[in-house]
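Please work through the exercises below with the sequence and the model side by side, and try each task before reading its solution.

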Amino acid sequence: MKYLCLLFVFLLVFTVLVSFTVLAEGDIGNILPGNSDSSSPADSVQAFKNYLVKDESETSEISETSETPETAAAKNADDEKQIFIKVLDSKSGAVSTVDLEEYLCGVVFSEMPSSFEIEALKAQAVTARSFCVYRMLYSTQEIRDFHKGADICNDPKHCEDYISYGEACDKYGEDYVKPLWDKVKNAVDATKGEIITYQSEPAVAVFHAMSGKETESAENVWGSPIPYLISVPSEEDSRQSEIKNYITQSKFTPDEFKSDLTSNGFAADFSESPESWTSNIALDSSGRVASAEICGEAITGIRLREIFALRSTDFTLEYDGENEEFVFTVAGYGHGVGMSQYGANLMAEDGKNYIDILLWYYTGVEITPDYKFF
Ligand SMILES: [Zn+2]
């Protein structure tokens, strides 16, 4: 019991940090054009705080656009309970109340390529539903204020990306959207009401686009361990030929390298030649860069990722003397914690079902009906 209480407090404290970074990273975009930008990593507490400050300075109108019940969760008598979620449109400031299962179709459609295997889409539906329930139950007042009283927002950098069927059709055309939407809806319907729990509490079901050889532990990213978010093997590295842009490179001239660092508050003596600037690159337990030294000053892999907009901390950094440039060679995409979306798709291609996928990426969890919590 004591452990459960501690876990609960911990989850409350870290809700903001974990859920934000996670879901932002989970946004790998969609095969549709014009989807939300998934290229800006935001793995730090400071990034989140900056974001909050920026939003709080803005004023936006709140309008109820639905006549569905006032409360976010509407209770029925049995497991057919219909749960409603209040969704803030971050751009317009409008709040609408949407049936949770209907809402999830718009989330999965936005967060994972609809071309993925159905079992991967089902796994995504359960992670998205888990996050919704977590937000509905455990949001701090700070998050509620940020959401203008709603449970969740549609900003992928803060919560989950979301588009309604009507909006998707207006944007991309119904002929294009309908078959993809039907596939996503099948995935949502097939997992109706299912969420991920750990020791009977809703889990923070974070996810990311693609891992390297292993997923990352929550502890290595956010500094505190979460028992079900530990490192597990993932297949992307061994099957990288099957994944477009698994490896990416970012190159910087010495001037750009120095300027990007110093403009982000990193102070060091860059007077020596560039060949000697980087040293002591240390890897964490999952093989990602934990820290490095630049001109003798320590910097974390996460900070390097932020400054140079790298797709992950799973990178090598070398100086190419011939071309006079620093070269980051990066594997995967995202913070690496929780379910890998591409890894889930590879597992699905191998015949694994969504339960197999979820139990693989979230250690020691169970799949539980969400109505138990409302
Ligand atoms: Zn939000």
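The model is a predicted one, in which local features need pLDDT of at least 70 and side-chain atom pairs count only at pLDDT 80 or more, while totals for chains, interfaces and linings use all residues. Residues are numbered from 1 along each chain as its sequence is written.

**Exercise 1. The whole chain**

Find how many helices and strands the protein chain has, and what share of its residues is buried.

Solution. Begin with the secondary structure, which comes to 12 helices and 14 strands; helices (H or I, at least four residues) and strands (E, at least two) are DSSP runs, numbered from the N terminus. Next, take burial, where a residue is buried if 20 or more other C-beta atoms, placed from the backbone, lie within 10 Å of its own. Buried residues make up 45% of the 374 residues in the protein chain.

**Exercise 2. Helix α3 against helix α7**

Describe how the axes of α3 and α7 cross, and list the residues that make the contact.

Solution. The axes of α3 (residues 100–111) and α7 (residues 174–190) come within 9 Å and cross at roughly 125°, where axes are lines fitted to C-alpha atoms, for helices over the stretch in contact, and angles run from 0 to 180 degrees between N-to-C directions. That angle makes α3 oblique to α7, because angles under 35 degrees count as roughly parallel, over 145 as roughly antiparallel, 65 to 115 as roughly perpendicular and the rest as oblique. On the side of α3, the contact is made by E101, L104, C105, V108 and F109, and on the side of α7 by L180, W181, V184, K185, A187 and V188, two residues being in contact if their C-beta atoms, placed from the backbone, lie within 7 Å.

**Exercise 3. Helix α11 and its surroundings**

State which residues of α11 are buried, and which elements they pack against.

Solution. Helix α11 (residues 341–349) is mostly covered, with eight of its nine residues buried, namely Q341, Y342, G343, A344, N345, L346, M347 and A348. These buried residues pack against α4 (118–138), β6 (207–208), β13 (339–340) and α12 (354–361). Just after α11, G351 takes a positive phi of about 95°.

**Exercise 4. Strand β4 and its partners**

Which strands does β4 pair with, and over how many bridges?

Solution. Strand β4 (residues 194–198) is mostly covered, since four of its five residues are buried. With β14 (residues 366–369), β4 pairs in the antiparallel sense over four bridges, and here I196 stands opposite I367. With β5 (residues 201–202), β4 again pairs in the antiparallel sense, over two bridges, and T197 stands opposite P202; strands count as paired if DSSP finds at least two bridges between them. The hairpin of β4 and β5 has two residues between the strands, and in it Q199 takes a positive phi near 50°.

Note on methods. A residue is buried if 20 or more other C-beta atoms lie within 10 Å of its own, exposed if 12 or fewer, and partly exposed in between; C-beta atoms are placed from the backbone.
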